[in-house]
Amino acid sequence: MERRVHDTDLCIVGGGLSGLCAGIAAAREGIRVVIMQDRPMLGGNASSEIRMWVRGAKGPENRETGIISELEEENIYRNPTLCYSVWDGVMWEKAKKEKNIELILNCSCCDCETVKEPDGERIVSVTGWQLTTYAWHTVRAKYFADCSGDSVLATLSGARWRVGREARSEYGEAMGREEADRKTMGMSCLIQARQTDHPVEFIPPEWAYVYEKDEDFNFACVRTPVADGSRSIADQQIKVATSMSRPHKLGTSETNFWWIEMGGDRDSIRDTEEMRDELLRIAYGIWDHVKNRGDHDADNWELEWVGFLPGKRESRRYIGEYVMTENDVEAGGKFDDIIAYGGWPMDDHNPAGFKSYEYSFPPSILYPAPSPYGIPYRVLYGREVKNMFFAGRNISVTHAALSSTRVMATCALIGQAMGTAASICVKEGQTPHGVYLNRIRELQGKLLDQGCFLPGKKREIPALSLGAKLNLSDGDREILFNGEERPDHDWKQNYVSLPVGGEISFDFGEKKKLGTLRILFDPDFSRKSVSENKKMRVFAQRAMRGLDFVPMKVARTLVKRFEIEVDGRKVAGYENWHNSLFRLPLDTEGRRITVRFLETWGADDVHVFSCDVN
Ligand SMILES: Cc1cc2nc3c(=O)[nH]c(=O)nc-3n(C[C@H](O)[C@H](O)[C@H](O)COP(=O)(O)OP(=O)(O)OC[C@H]3O[C@@H](n4cnc5c(N)ncnc54)[C@H](O)[C@@H]3O)c2cc1C
């Protein structure tokens, strides 16, 4: 078989949303990146192969920004009907557009060469098998990142890892077990269907399970106070857990059948193929139940897609420099080395998955988590392998904390932070641990500049802009330069509101060297939805497609048309701009800059959180 060798700065194994966002962030910081991904497309559980909805921190004012929102804004603009294949193309194109990224798709990493050095192991290369070319690809790199979800490099590199649920005695977690076990949240094969204008018959395969009545797999949803020693939040109020039932009402956003889940009480890696067979029997049995057994108002619905690749929630987790726990989540994650945040409830799935109905257990229990809570940098690397990062659902957290940090917008933020940290390593010759010791403020500053929100941190405004005379009132100037780029909890908006056609201009008093112009528009934090579908308030992804499906619309507050002048000369103009973050290296000299906002995507006013130049 052919052997191909690649040399790069950072090799990322796994191209889910964490690996993709890590790769884009690192490439944009100017380092060379290879992403080795074992599937034909990027996006992992969010891709057309698995079709999970991207979710993140609760509360519209906590919606994730950075690369994940750029992906979402592009998808809504280009793919208003939310076709999954078009979404695959959007993710692929974002990676392809970065000249510093080399994609090796359909390539499964299965080997890793390490050398022992006085202060730990170092990975020299990883090797993968490419399905489409029958070739072995070896990637030699200065740094490696495991974003494979399953932590493939853990067992190959000598890093520390574990699987399963911690004992309460280990970290003092209320959600901890009496004794540690190897059980995890399970894996799922989802179903998608569409509504037609005529009756559609469904003949189930003979191997499908039969569920005659709802009670054969469902039970009532319950909300119960949690009694067993819940701390922090519990000291002030009763902690209430919500148990999830198995909704199967059809409609655009009623359900995506996430609860067709198995494998949590098996080996979530080795037993995957067996679990997939079982999941298919359940999935087709459920569709038979919806269509043929009982009244589900489903006569005109037809099955459009069944996932054949189980999406995984949990397998191996690394043990890093710090292990983040349920207690950290509940305490709001007030870390000095914060690099990302979460805010999804602790959504702990029952390891028995779909079969838990046999014991009248809920498929999942939601324990409250504050939103947002901080995630520290130290969960992204360990000390044993000194040139390796990890990001995504395999970071150094306990099972309880993972039940919240695992959602994909959170994983994407973690990935963006990891890729940016890796770029600092490459450029400044640091180890991941060295970044923690010496460069954490630089990393946080870069993330804020990239439009990421770090709760408790403010972006620093460039001195050049602070020294300029602006055409705004003192109040607006203060808002523009306050370093906050989203509404706060009380919905104080923090943006400057201008009429359409209005402008912001800077006068530096004399000719100055101008660096990068950066603008942050409002992605419409307060939106109710980007369509009339009720769940499209956050990240827009569909499951079922009803006849009443309404296409998405670009967030109305984004600025569609604007232009930039330096000393009265137009240097750039944009039509159909649909991102919240805008950065343009001006690399010129000038005394005055004017940005003129000519049209929005529907809002009456232009909302500008930040506008400055360095
Ligand atoms: C059914 C289900 C429901 C969920 N519900 C939600 C939800 O509603 N909202 C939400 O936001 N999150 C949800 N999650 C959680 C979320 O999908 C995962 O936690 C998240 O996808 C993790 O992102 P990741 O990038 O770490 O991993 P993944 O998305 O798993 O991506 C990892 C990628 O690495 C690739 N890979 C693996 N091994 C190798 C290898 N050896 N070589 C090369 N590539 C490799 C994989 O093919 C995959 O594409 C759900 C998960 C499941 C399974």
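View 1. A backbone N or O atom of Arg 55 lies 2.8 Å from an oxygen atom of the ligand, a polar contact being a pair of N or O atoms within 3.5 Å. For Arg 406, a backbone N or O atom is 2.6 Å from a ligand oxygen atom, while Ser 18 places a polar side-chain atom 2.6 Å from an oxygen atom of the ligand. The ligand taken alone exposes 990 Å², of which the protein buries 93%, with areas from the Shrake-Rupley method and a 1.4 Å probe. The model is predicted, so that local features need pLDDT of at least 70 and side-chain atom pairs count only at pLDDT 80 or more, whereas totals for chains, interfaces and linings use all residues. Residues are numbered from 1 along each chain as its sequence is written, and side-chain values use heavy atoms, without hydrogens and water.

**View 2. The shell around the ligand.** The ligand is surrounded by 32 residues, and the closest are Ser 18, Asp 38, Trp 53, Arg 406 and Met 408; a residue is counted if one of its heavy atoms lies within 4 Å. The largest share of this shell, three residues, comes from β4, a strand in the DSSP sense (a run of E of at least two residues).

**View 3. The loop that holds Pro 370.** Pro 370 is found in the loop between β18 (364-367) and β19 (373-376). The C-alpha atom of Pro 370 is separated by 9.8 Å from that of Met 346, 24 residues apart along the chain.

How values were computed. Polar contact = N/O pair within 3.5 Å; in protein donor to acceptor, adjacent residues only side chain to side chain. Helix = DSSP H or I, 4+ residues; strand = E, 2+ residues; numbered from the N terminus.
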